[in-house]
Amino acid sequence: MEKILVLDFGGQYNQLIARRVRDHHVYAEILPYTTDLESIKKNDYKGIIFTGGPNSVYDMASPHYTKDILNIGVPILGICYGCQLIAWMGDGEVKTAPQSEYGKIEFTKKESKLFKDVDEKSVVWMSHTDYISTVPEGFEIIGTTDACPCAAMQNVEKNIYAVQFHPEVTHSVVGSQMLYNFL
């Protein structure tokens, strides 16, 4: 059976993310961010989703993970804090946003497998006070909003995707399609 790991970094939507994965007939397990990398490798996950969380990645007291997870050869999707964590682990830069975004926001996408069958502009649910000011080497920006210059990024070579918004909530109009594309 193919399964996805939802690696929980303290966000309120961890159960909902797993539910949305299961809605696409893919098994999802939720594990805390304290799960060691060797245990994750042994479970033969077909993909990993990093959840959101209420913290700032540049606060060393917040949940973090070893950078090695980005190199285990499994597709990864970072959501909200998970997006920022991928940027931080990849030596990108995350800063306090000049303008926070909360609620329904218009999102503009660029070409990506993650956005197959998604309109160029759509509404997504944002909830963040930090933003990615510099993407990591090997990543490209694949989505923006008026206030967020990196609302989504990807590293095609490593099969790593990250979105600043929450595709798992119904307020993200085509979020289900984006999750399906990742799966």
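Ring pairs tie Phe 9, Tyr 33, Phe 50 and Tyr 81 into a cluster, where rings of Phe, Tyr and Trp (its six-membered ring) pair if their centres lie within 6.5 Å. This is a predicted model, so local features need pLDDT of at least 70 and side-chain atom pairs count only at pLDDT 80 or more, while totals for chains, interfaces and linings use all residues. Residues are numbered from 1 along each chain as its sequence is written, and side-chain values use heavy atoms, with hydrogens and water left out.

Searching the whole structure turns up five aromatic pairs. In one of them, the ring centres of Phe 9 and Phe 50 sit 5.5 Å apart with planes at 70°, so the pair is edge-to-face; planes under 30 degrees apart count as stacked, over 60 as edge-to-face and the rest as tilted. Distant parts of the chain are linked here: Phe 9 comes from the loop between β1 and α1 and Phe 50 from strand β3 (residues 47-50), 41 residues apart. Helices (H or I, at least four residues) and strands (E, at least two) are DSSP runs, numbered from the N terminus. Both Phe 9 and Phe 50 are buried, with buried meaning under 20% relative accessible area, exposed over 50% and partly exposed in between (1.4 Å probe, protein chains only). Then there is Phe 107 with Phe 115: centres 5.4 Å apart, planes at 70°, so this pair is edge-to-face. Both of these residues, Phe 107 and Phe 115, are buried.

Phe 107 and Phe 115 also turn up in the largest nonpolar core, which has 28 residues; along with Ile 49, Leu 77 and Phe 165, they are the ones with the most contacts inside it. Two or more residues each come from β1 (3-8), α1 (14-23), β4 (76-79), β5 (93-109), β6 (121-134), β9 (160-163) and α4 (175-182). A second, separate core holds 27 residues, including Ile 76, Leu 85, Cys 150 and Ala 162. A nonpolar core here is a set of buried Ala, Val, Leu, Ile, Met, Phe, Trp, Tyr and Cys residues joined through side-chain atoms within 4.5 Å.

Thr 145 is buried at 9% relative accessible area, and its side chain reaches the backbone nitrogen of Cys 148 at 2.9 Å. Leaving aside residues up to four places away in sequence, Thr 145 touches Glu 101, Ile 105, Glu 106, Phe 107, Met 126 and Ala 151 (contact means heavy atoms within 4.5 Å). β7 and β8 pair in the antiparallel sense over three bridges, and Gly 143 has Ala 152 as its bridge partner in β8; two strands pair if DSSP finds at least two bridges between them. β8 also pairs with β9, again antiparallel, over four bridges, with Gln 154 opposite Tyr 161. These two strands, β8 and β9, form a hairpin with four residues between them, and Asn 159 in the turn has a positive phi of about 60°. In a regular strand the side chains alternate between the two faces of the sheet. Both faces of β8 are covered, with Ala 152 and Gln 154 buried on one side and Met 153 and Asn 155 buried on the other.

Asp 91, between α3 (81-89) and β5, has phi near 70° and counts as exposed at 60% relative accessibility. Asp 117, between β5 and β6, has a phi of about 65° and is likewise exposed, at 61%.

How values were computed: Polar contact = N/O pair within 3.5 Å; in protein donor to acceptor, adjacent residues only side chain to side chain.
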